[in-house]
Amino acid sequence: MWIAMLVMCAMGALEGVPITPPVPVEAAAPSMPVDAPVLERPATVVLRLTIDEVGEVSRAEVQSSAGQVFDRAAMEAAVRWRFQPARRGEAPLEVRVDVPVHFVPESAGGVGTHHDGEAMAATAVLARGSDSTGARSTSAAPVSGVASPSDGPGSSTESRSSQGASARSAVAGAESPSDGPGSSTGSRSSRGASARSAVAGAESPSDEPGSSTESRSSRGASARSAVAGAESPSDEPGSSTESRSSSEASPRGLATGSTSPGDATGLASSAQAGAAPGASSVEQGATTEAKPSERVLSTTVRDVAAAPPPVAVGDFHIEVGQLADVPRNSASDLMLLAPGVMLANHGGEGHAETVFIRGFDAGEGKDVEMRLNGVPLNEVSHAHGHGYADTYFIIPELVDSLRVTEGPYDASQGDFGVAGTVEYQLGLKRRGLTTSVSYGSFASRRLALVWGPPESGEATFVGLLLRQGDGFGPNRSYANASAMAQVELLLGDDTRLRLLGTSYGARFSSAGVVRETDVVDSRLPCAPDADSQFFCFYDENQGGASQRHIVSAELQSRLKRGGRLVQQGYVVLRQTRIRDNFTGFVQDTPPVGQSQRGDTAEGFYRGNTLGLRGRYIPGVTLLGEARPLELGYVARYDDVRTRSRRLRDSGGAPYATLYDNQVRTTNLGGYASLRVSPRPWLTLRAGLRLDTFLFGVEDLNRPAVDRDGPRLTDESVDAYGFFASPRASAEVKLSPRLTWMTSAGLGARSSDAAALSDAELAPYARVASGETGLGWRLEGEGRPYTLEARGAVFATRVSQDFVFDERLGRNQPIGASQRLGAFATSRFVWSEWMDVQASVAWARATLPVPGASAWKLWDGAVMPYIPALLGRLDASVRGDITLVGERVGWNVALGHSAVGPRPLPLDRYSEPVFLFDVATRARWSWVEFGVSVGNALDTRWRETELNYVSNFRGADAPASLLATRHFTAGPPRTFRGTLTLYLDFEEESR
């Protein structure tokens, strides 16, 4: 081994100016086309690419076709690839690259799952007019057991990766950037994947075609590649240039690559010495002839690497990507990436967010269905509100993407999907251990540990998050811990099992609401200055605690002809206790001669959920549509205890029970959806969902005496409900980039079991919604950027809506409501340099005039608390600079929210709100330091505003009969410093 290396180094010393091969900067692997026919065997497209002097793919040609659909997918991906150009010394060179792209039948996996990538590499030939005298090969990350890089050709290195993970590799003569700015390992990836490339010791370009280099890419999966120890061409006639990649392991002592069991092939590279100078030239355009022992270098696309097509203009598959750089307090804030979404929180850090979406005050989840990897998060008959859904336990670093479907247009949307559905999809692209420690204003501390085993895919990870702080004002302290772990097991070529577990515990204090008049008059029990009064509180008993534990098992199977079957079972355990006081001393009727005891309400909830869900997609083709049919089912059983009590202002002891119910609910449902394309420009979708609910309620708080005499204090109630929800959409392709889509659907919200009567056909809220709009996307054709824009108008009518009732501290029914609205959103991504998303939304929510036509959507009283106008901007810019000879990555990010005036009761309106959050980071090697500033302009803003009658002056003070404004203060300007360590033990584990 050492003799061969010595010979190759000596040959390199005879060469002239060193030549470095092109290095992949952005190389996203092709996605499996949505309209691809069902594959019975692999299909291969061979592309010939010309990489020009600036590293762009200036030309792409199909050398070997696999059909128009696959050719187009391969070409669209290839023209977006970018490289550091090949160079002779400092002079860039133009090269040509032959890239086989393999499309293989899907392995086990369901729609929207993470996708597995295979190796991609290429055999490159020099374009006319360039010449070469030598190559230089170095490795940014030497591997144990591999010869250390040298300045001469023939150095070898190793690239190692596991299925579905980001590939780690060494880059010849260059550092390879990674996920964060300034990383010195891994190369840049396209949005939605962390693709780290290797071209180590690649063949040097020469005068004559025939020298070779290689590149590889990944999108949503890892791309594995290596070119190591390529020989350096010479000027002597007769010399040949070749890159060898054996399908077996390379000889011990040369570069060897290990792969996970999911890899189609292992990767290893070895080099042969070049011939003597003076080799004769090879004909322009020729490629090096492969030896029998050489591996064919290629890229393979497995599974459905693209998200399912949207069912409406407002159906968003949002890859978080670079926008994760924008400052966010929790995973809940990721919902702001969808247009028309606003979040508010009156209960403190650990309390579920109030969600405003599409003109709905969805409360803490009553009108928006929440899921985590398919597991439902909405809690039935919760004491704080039916459908309560807390997403605070989700670790933001583990969120790969969101699917936000605004409106009830997808047949898979179930209970609570009145305004839409939000599903968090987990995944960790970066392998290795990432440790993040933060400290900021008001003694806020945060520790996050996430680990992705190098031998596994992005669906396997472990995460731990600890948060603690004093809060931005009195009575706002919090402490919580969350752990999440997932593993994906391959059970053969066609089946995989995904196991998920989460555990979470939190405790928090809450300042609650304050009266505006008391703040202005400095009556609150804090310092008299304006800021102290603004952030003050009344009742120190307010706050809460929460626990949640989830276990989920999902089995995904690939069937014949590309069909899929997905089965999932889950168990959810949770407990919540929340204490609020919205009115002070108004609701109590004390015993004769005693003072009011206070209106603090304690909501207690303990629940266990067992559930099954599944979907079946037959592998058939209908009217040119592959897999057009989907069948699904849901089965969910909830056993919960829900209770509300009044607490004394002094000491917090309970003195009255408002309700106390043991609730058992069974939801059984099924759906079917069909997609057909009767014309190339027209796609039609139709679906039907059926849901049944059986309620069993044991009321444990009945009076001991009624009008007929003494009785027991408990009573049982049973009820049954059934509803059908049809949905449909039509998509018209007006041009290759412009699409017009119209969608309509019916949805429903189940009944709060606490309000049911015995033997009742359970009522439910019915929603009817329609939407029409345009979608436009510009990408491909050699552009290094992607630009997408959407816009739509919508109308919605709900048979039974809810509005906040300050007396009970939760939303209560008010009758029918209607909405008219519109939104526009766009996202611009320039490789991994810039990612900008902006949206604006308008909605008018009204209570219809009794007896008026359902078409008069504008008429009626405006619903309170719902903002009419919302705007949001998220932006991130990344780059690299060189300091003292070291490459340092940098990042600047901005988040901006604009909230228009919110209507209040009695024809009053709140003030508009404009918030700016900024962050910057710098990364050198495996160390990163960042600073973020929330509410950078230090705006005094009101997160929640209400208008009603209250009395906070004391138990014996007379209550005012006039409604006045109440609010919860939003956070002031806050600073946070973060130290992140990117640790990768892959090297040591070899």
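**How do strands β15 and β18 pair, and over how many bridges?**

β15 (residues 368-372) and β18 (residues 420-426) run in the parallel sense, joined over five bridges. Strands here are DSSP runs of E, at least two residues long, while helices are runs of H or I of at least four, and both are numbered from the N terminus. Two strands count as paired if DSSP finds at least two bridges between them. Across from Glu423 in β18 stands Arg371.

A quick word on the model: it is predicted, so local features need pLDDT of at least 70 and side-chain atom pairs count only at pLDDT 80 or more, while totals for chains, interfaces and linings use all residues. Residues are numbered from 1 along each chain as its sequence is written, and side-chain values use heavy atoms, with hydrogens and water left out.

**Two open sheets**

β15 and β18 belong to an open sheet of five strands with mixed pairing, ordered β11-β17-β18-β15-β16. At its edges are β11 (315-319) and β16 (375-376); each has a single partner strand, so one side of each lacks a neighbour in the sheet.

Another open sheet has three strands, β12-β13-β14, and its pairing is antiparallel. Its edge strands, β12 (341-344) and β14 (360-361), each pair on one side only. Four bridges link β12 to β13 (residues 354-357), and Val341 has Ile357 in β13 as its bridge partner.

**Nonpolar cores**

The largest nonpolar core has 57 residues, and Met335, Val399, Leu402, Tyr424 and Leu426 have the most contacts inside it. A core is a set of buried Ala, Val, Leu, Ile, Met, Phe, Trp, Tyr and Cys residues joined through side-chain atoms within 4.5 Å. Buried means under 20% relative accessible area, exposed over 50%, and partly exposed in between (1.4 Å probe, protein chains only). A second, separate core has 26 residues, among them Ala27, Ala86, Val97 and Val101.

Back to Leu402: not counting residues up to four places away in sequence, the residues it touches include Phe316, Ile318, Met335 and Tyr424 (contact means heavy atoms within 4.5 Å).

Rings of Phe, Tyr and Trp (its six-membered ring) pair if their centres lie within 6.5 Å; planes under 30 degrees apart are stacked, over 60 edge-to-face, and the rest tilted. Tyr785 and Phe828 make a tilted pair, 5.8 Å centre to centre with 35° between the planes. Tyr785 lies in β39 (residues 785-805) and Phe828 in β40 (residues 810-830), so the pair ties together parts 43 residues apart in sequence.
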